[in-house]
Amino acid sequence: MSDEGFHGGDLFTVSSAGHDVVNRTKDRRARVSSLFWQAPDRILFTEYVGGGTAISELTLANNPCGPIWKVAEGFSRFRKFP
């Protein structure tokens, strides 16, 4: 695969009962590559955006999602390749 190790996609949340599946990044022109729970209602994540990379934040209560920091170069957390 030409992109082995560099996968990305949408960010979904699911209730602990397995219900209430929500696509938190629907219609977003980016691909989520890793995520980190910052608080029970807040997720920090990295994403590929237009050839570059961003660190973004998602608040679950009202689902606002926006970049905190962007760079034209690519980087990845837990990346397989240098």
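This report describes strand pairing, a nonpolar core and a surface patch in a predicted model.

Strand β5 (residues 52-59) pairs with two strands, running antiparallel to β4 (residues 42-49) and also in the antiparallel sense to β6 (residues 65-71). The table sets out these two pairings, with one pair of facing residues for each.

| Strand pair | Bridges | Residues between the strands | Facing residues |
|---|---|---|---|
| β4 and β5 | 8 bridges | 2 residues | V49 and G52 |
| β5 and β6 | 6 bridges | 5 residues | A54 and K70 |

Each pairing is a hairpin, and a residue with positive phi is found in both: G50, in the turn of the β4 and β5 hairpin, has a phi of about 50°, while N63, in the hairpin of β5 and β6, takes a phi near 60°.

The largest nonpolar core of the model has 6 residues in all, namely L11, V32, I43, F45, L58 and L60. Of these core members, I43 and F45 have numbers that fall within β4 (residues 42-49), and L58 lies within the span of β5 (residues 52-59).

On the surface, F12, V14 and V21 form a nonpolar patch whose accessible area is about 300 Å² together. F12, one of the residues of this patch, is placed in strand β1, which covers residues 12-13.

Terms used: Residues are numbered from 1 along each chain as its sequence is written. This is a predicted model: local features need pLDDT of at least 70, side-chain atom pairs count only at pLDDT 80 or more; totals for chains, interfaces and linings use all residues. Side-chain values use heavy atoms; hydrogens and water are left out. Two strands pair if DSSP finds at least two bridges between them. Helices (H or I, at least four residues) and strands (E, at least two) are DSSP runs, numbered from the N terminus. Patches are made of residues with over 30% relative accessible area and no salt bridge: like charges are joined within 9 Å, nonpolar side chains (Val, Leu, Ile, Met, Phe, Trp, Tyr) within 5 Å. Accessible areas come from the Shrake-Rupley method with a 1.4 Å probe; for residues, only the protein chains shown count as cover. A salt bridge is a side-chain nitrogen of Lys or Arg within 4 Å of a carboxyl oxygen of Asp or Glu. A nonpolar core is a set of buried Ala, Val, Leu, Ile, Met, Phe, Trp, Tyr and Cys residues joined through side-chain atoms within 4.5 Å. Buried means under 20% relative accessible area, exposed over 50%, partly exposed in between (1.4 Å probe, protein chains only).
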